[in-house]
Amino acid sequence: MDTEIIKIILAFMVLINPFSALTLFLDLTRGYSMTNRRKVARIACLSIFITISFFTLAGESLLKVLGISIGSFQMAGGILVFLIAINMMNGEGNPVKPDQEDFDVSNIHDQPPSMASAVVPLAIPMMIGPGGISTVIIYSSQISGLLRVSAVLIAGLLISIFCYLALMAAGRISRVLGDTGLNIMSRIMGMLLAAVAIEIIVSGLRTLFPDLL
């Protein structure tokens, strides 16, 4: 596995960040049986993998249809990811993902278990939002060949499995880390994400201005 794939896995890990969705998952599944809770987690993580797969395979074609150059999208995506990183390091969370308070889950528990909430809002946009989708498109536009595309899809699968494991352990993780631990983890991830963002921006500059860099 080369360094590019490692960077992709790192970017997915930080941007998707299932730890930010633990509280919402616990609220959405409060009162659910363990079977239904597992089903919600499976559907959410399958949605993440399908989203990553779709934009990995179709991302570059979408840019061509919209008439957007890869370099321009790299610059825009890199700046977006950098702003996300700055907010995470400041302890303000991901600015392009909604806060848990934006969702009203008070009426969910008076109804039969609904799996729709596993897709929206849990998977999209709570775990994989605009930043994650932009990063998938950026990296997919930089790769060619079945082997490298397969590596990105495998990275997406591994991240989806990690998200499933994190959701299933949501109660224990929340008790062990607490708000302070989750906040510290968010800041560390923000620092790593800032480095990924700079790499994306530099790559965009090289694409737009090959004679300068």
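Arg 30 is partly exposed, since its relative accessibility is 47%. In this predicted model, the side chain of Arg 30 meets that of Asp 27 in a salt bridge, with an N to O distance of 2.4 Å. Asp 27, by contrast, counts as buried, at 13% relative accessibility.

The structure holds two salt bridges. The other one links Lys 64 with Glu 60, whose closest N and O atoms are 4.0 Å apart. Both residues belong to helix H3 (residues 34-66); because they are four residues apart there, about one helical turn separates them. Lys 64 counts as exposed, with a relative accessibility of 61%, whereas Glu 60 is partly exposed at 27%.

Aromatic contacts form the second topic. A pair of aromatic rings is described by the distance of the centres and the angle of the planes. The count of aromatic pairs comes to two. Phe 19 and Phe 162 form an edge-to-face pair, with 6.0 Å from centre to centre and 75° between the planes. This pair links distant parts of the chain, its members being 143 residues apart: Phe 19 lies in the loop between helix H1 (3-16) and helix H2 (22-28), and Phe 162 lies in helix H7 (residues 146-168). Phe 19 is buried, as its relative accessibility is 14%, while Phe 162 is partly exposed, at 28% relative accessible area.

Phe 54 and Phe 55 also form an edge-to-face pair, for which the centre-to-centre distance is 5.0 Å and the angle between the planes is 85°. Why are both pairs classed as edge-to-face? The angles are 75° for Phe 19 and Phe 162 and 85° for Phe 54 and Phe 55, and planes over 60 degrees apart count as edge-to-face. Within the second pair, Phe 54 is partly exposed, with a relative accessibility of 45%, and Phe 55 is buried, with a relative accessible area of 17%.

| Residue | Relative accessible area | Class |
|---|---|---|
| Phe 19 | 14% | buried |
| Phe 162 | 28% | partly exposed |
| Phe 54 | 45% | partly exposed |
| Phe 55 | 17% | buried |

Phe 19 and Phe 55 are thus the buried members of their pairs, because buried means under 20% relative accessible area.

Notes. Residues are numbered from 1 along each chain as its sequence is written. This is a predicted model: local features need pLDDT of at least 70, side-chain atom pairs count only at pLDDT 80 or more; totals for chains, interfaces and linings use all residues. Side-chain values use heavy atoms; hydrogens and water are left out. Rings of Phe, Tyr and Trp (its six-membered ring) pair if their centres lie within 6.5 Å; planes under 30 degrees apart count as stacked, over 60 as edge-to-face and the rest as tilted. Helices (H or I, at least four residues) and strands (E, at least two) are DSSP runs, numbered from the N terminus. Buried means under 20% relative accessible area, exposed over 50%, partly exposed in between (1.4 Å probe, protein chains only).
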